[in-house]
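Student: Let's go through this one together. Show me the model and I'll ask as I go.

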Amino acid sequence: MNYPFTKIGDSSFKLKPATLNDVAQLKECIAVFQKDYEKVDNVGLGVNEDNIERDCIKYITQPEHGHTLYLAQVNGTTVGYLETVQQGFGLVIYTVSVLPEYRNFGIAKRMYQ
């Protein structure tokens, strides 16, 4: 996908709250994030797709856990994900991840904004 946008107001970008229909896309995004994290920090987490799927379903269906998952999309194509966590009276951005083929287009910046 060619995505050379430069304007913050680009209407083709959106953050979409994840639903159960999005679990497969979330699994892909989270697995990429975990592999990248492992390379940088040499933590050796390993990627367990069953655990990823279980956690995605739990966070989507049980909001009392305080985690909310969002898909970052451009023209309906998933390009990454964002995870927030409720902590006390505040909301913390816990994870921002962009799939490798969509990096360096300003997507993470837009996710933070």
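This is a predicted model: local features need pLDDT of at least 70, side-chain atom pairs count only at pLDDT 80 or more; totals for chains, interfaces and linings use all residues.

**A walk through the model**

Student: Where is Asn104 found?
Tutor: Asn104 sits in the loop between β4 (90-98) and α3 (107-112). Helices (H or I, at least four residues) and strands (E, at least two) are DSSP runs, numbered from the N terminus.

Student: What is the phi of Asn104?
Tutor: Near 70°, which is a positive value in a residue other than glycine. Asn75 has a positive phi too, about 50°, and is not a glycine either.

Student: Where is the place of Asn75?
Tutor: Asn75 is in the loop between β2 (67-74) and β3 (77-87). Asn75 counts as exposed because its relative accessibility is 59%. The hairpin of β2 and β3 has two residues between the strands, and the positive phi near 50° of Asn75 belongs to that hairpin.

Student: How many bridges join β2 to β3?
Tutor: Eight, and the two strands run antiparallel. Two strands pair if DSSP finds at least two bridges between them. Val74 stands opposite Thr77 in β3.

Student: Which strand pairs with β2 over five bridges?
Tutor: Strand β1 (residues 13-17), again in the antiparallel sense. There, Pro17 stands opposite Tyr70 in β2.

Student: Why is β2 largely enclosed by the rest of the structure?
Tutor: Because six of its eight residues are buried.

Student: Zoom out for me. What pattern does the chain follow?
Tutor: Along the sequence the pattern reads β-α-α-β-β-β-α. The chain has three helices and four strands. Of its 113 residues, buried ones make up 35%.

Student: New topic. Which residues lie nearest the centre of the largest pocket?
Tutor: Ile30, Gln34, Asp55, Glu83 and Tyr94, from a lining of 16 residues. On a 1 Å grid over the protein atoms alone, a pocket is an open set of points where a 1.4 Å probe fits, with protein on both sides within 12 Å along at least five of seven lines; lining residues have an atom within 4 Å of a point.

Student: Which elements give two or more residues to that lining?
Tutor: They are α1 (23-41), α2 (49-61), β2, β3 and β4. Helix α2 gives the largest share, five residues.

Student: How does the lining divide by residue type?
Tutor: It has 10 nonpolar residues, four polar and two charged. Ala, Val, Leu, Ile, Met, Phe, Trp, Tyr, Cys and Pro count as nonpolar, Asp, Glu, Lys and Arg as charged, and the others, Gly among them, as polar.

Student: One more residue. Is Asp22 buried or exposed?
Tutor: Asp22 counts as buried, because its relative accessibility is 6%. Its place is the loop between β1 and α1.

Student: What is Asp22 in contact with?
Tutor: Leaving aside neighbours within four places in sequence, Asp22 is in contact with Lys16, Pro17 and Leu71. Contact means heavy atoms within 4.5 Å.

Technical notes. Residues are numbered from 1 along each chain as its sequence is written. Side-chain values use heavy atoms; hydrogens and water are left out. Buried means under 20% relative accessible area, exposed over 50%, partly exposed in between (1.4 Å probe, protein chains only).
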